[in-house]
Amino acid sequence: MKGIQQKNKKERQARKYISLDIVASLLAWFLFFLFRRIEIESTFIQNIQLFSPIYNFWKLLFGVPVFWIFIFWLSGYYNKPFQKSRVTEFFQTLISVFFGSILLFFILLIDDPVISYKYYYLSFVVLFLIYFVVVYTFRCILTSVTTYNIHNKIWGFNTLIIGSGEKAKKTYEMLQNSKPATGNNIIGFISTDKYNNSVDKHLILGGPIDMARIIKEKNIEETIIAIDSEDRGDLFSIINQLYQYNVGISFPPHLYDFLVGGIRQSAIYAVPFVNILENKMPEWQQNMKRLSDIVFSALGIIITSPLLLFLACKVKLSSPGNVFFTQERIGLHGEPFRIMKFRTMYERPKADEDHELTHANDERVTPIGKTMRKYRLDELPQLFNVIKGEMSLVGPRPEQKFYIKQILEKAPHYALIHKVKPGITSWGMVKYGYADNVEKMIDRLQYDILYIENISLLIDVKILIYTIKTILSGEGI
């Protein structure tokens, strides 16, 4: 419930920016059209008619805002509505409006019949300047209002500090005395060491076992881990526990750098912490990745639909049971979802075997199942998981909660892979392949962590190319 409330707050703020961008795009479109009318009339006597626009101004009152909202969404502007640097906002708006103006110019204006090409150049420059000035002005006003409200404690985010020692105390004092305000409304502390509490005991709300209740009752939106211990096992244990509550998870910068390396931060409320959930892929690439996931998954389903139908029939005729196999896996931020595959094994009772991994020459695998696993065709139904937003084409392979618990005991840093969506294929699958025990899962993990720390669209393309090569060579097992 808390995660939903926090998400709704961010969505409401994002909708404010979207609404202003719609109004701004309409106003800018009207001003640009007015400029074109005035420019026409100023040269009407000399040239009889400078041009006759091929577009309909009134019909495009709907299309143009939709176009600009898509451009701004693609730029990643709406991803972090409360974390905006006005300098970054300026250049982000400048770049997105520039490329949007180029597209709009070639879509609507390039075919206008004109007397002189100088009017083409003039139209583009005016189009760009009008849109940039109007859009940025509207955005700047909203960002300034948001900044003022946060810095003056009118707005805040209920924050829970994990820890009760010296670091927790210093963190609390720093946030309380920060001018301007950071936006963190400190609700209390979680005591991680009942024998070593440096903070006011009245502010200690409970221990780790009380975390779920406290987050729900106190409407916690952000958490800051400030424990004295720098044991990675302790840190990742807390991280993994917090993932399931869908709240912000932050660290002091030096601790974050100690954990994963590298710090990226730009927020309008000057928070001196970094969020462990931060995706290192640039915002525009994240949105482009999602758009690509939807487009290529939809195309993949359409193109392979005869193959999907053929495989479904083969699975159904090969042995009694369902065509599809679904199983709960853990995805982005620890959220469970049901993964889809073609059934490759003989139907068996829902008992302890649910957690038994397949291995080479596994007698439970059907003949058609062996072929599908060899060429990874059993994974094709996961394209539907991608369209639903539960998975991506490229990302760490999702595991069952049963195995995640075992992995975390030996490799606590496994919790970091929940920063990104799981994928149909991954760097680990390309470099390592299937893992039929926990030890191999841990070995494969190093590739997934490497992917997360170097995530980019280019890396995704490389992984997809290697995956296609693996499929064609029949090295899926």
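**Exercise 1. The nonpolar cores**

Task: In the largest nonpolar core of this predicted model, find which residues touch the most other members.

Solution. The largest nonpolar core has 63 residues, and within this core I225 and L242 touch the most other members. A further core lies apart from it and has 27 residues, including F67, I71, Y78 and V134. In soluble globular proteins, nonpolar side chains tend to be buried together.

**Exercise 2. The chain as a whole**

Task: State how many helices and strands the chain has, what share of its residues is buried, and what part of the contacts joins residues 24 or more positions apart.

Solution. Step 1: the secondary structure consists of 16 helices and 10 strands. Step 2: the chain has 477 residues, of which 48% count as buried. Step 3: among contacts with a separation of 6 or more, 74% are between residues 24 or more positions apart.

**Exercise 3. Confidence**

**Exercise 4. The faces of helix α16**

Task: Decide how the buried residues of α16 are arranged around its axis, and name the elements they pack against.

Solution. Step 1: α16 covers residues 457-473, 17 residues in total, and its first and last C-alpha atoms are 24 Å apart, close to the 24 Å expected at 1.5 Å a residue. Step 2: its buried residues are I459, D460, I463, T467 and T470. Step 3: viewed down the axis, the buried residues of α16 fall within an arc of 95 degrees, so they line one face of the helix. An α-helix has 3.6 residues a turn, so residues three or four places apart point the same way. Step 4: L458, I465, K469 and L472, on the other side of α16, are exposed. Step 5: the partners of the buried residues are α9 (283-303), β9 (392-394), β10 (423-425), α14 (427-431) and α15 (438-453).

**Exercise 5. A buried arginine in a loop**

Task: Locate R343, classify it as buried or exposed, and find which backbone oxygen its side chain reaches.

Solution. Step 1: R343 is in the loop that runs between β8 (336-342) and α11 (367-374). Step 2: its relative accessibility is 6%; the cut-off for buried is under 20%, so R343 counts as buried. Step 3: the side chain of R343 reaches the backbone oxygen of N322 at 2.5 Å. Step 4: beyond four places in sequence, the contacts of R343 include V315, S319, P320, G321, V323, F324, F325 and M372, as well as N322.

**Exercise 6. Backbone geometry in loops**

Task: Describe the peptide bond from K179 to P180 and the phi values of H333 and R376.

Solution. Step 1: the bond from K179 to P180 is cis, with omega near 0 degrees. P180 lies in the loop between α5 (166-177) and β2 (184-190). Step 2: H333, which is not glycine, has a positive phi near 55 degrees. H333 is placed in the loop between β7 (324-330) and β8, and is buried at 18% relative accessible area. Step 3: R376, also not a glycine, has a positive phi of about 60 degrees. R376 sits in the loop between α11 and α12 (382-387), and at 9% relative accessibility counts as buried.

Definitions and conventions: Residues are numbered from 1 along each chain as its sequence is written. This is a predicted model: local features need pLDDT of at least 70, side-chain atom pairs count only at pLDDT 80 or more; totals for chains, interfaces and linings use all residues. Side-chain values use heavy atoms; hydrogens and water are left out. Helices (H or I, at least four residues) and strands (E, at least two) are DSSP runs, numbered from the N terminus. Buried means under 20% relative accessible area, exposed over 50%, partly exposed in between (1.4 Å probe, protein chains only). A polar contact is a pair of N or O atoms within 3.5 Å; within protein, one must be able to donate a hydrogen and the other to accept it, and residues adjacent in sequence count only if both atoms are side-chain atoms. Contact means heavy atoms within 4.5 Å. A nonpolar core is a set of buried Ala, Val, Leu, Ile, Met, Phe, Trp, Tyr and Cys residues joined through side-chain atoms within 4.5 Å. The expected span of a helix is 1.5 Å times one less than its number of residues. The arc is that of the directions from the helix axis to the C-beta atoms.
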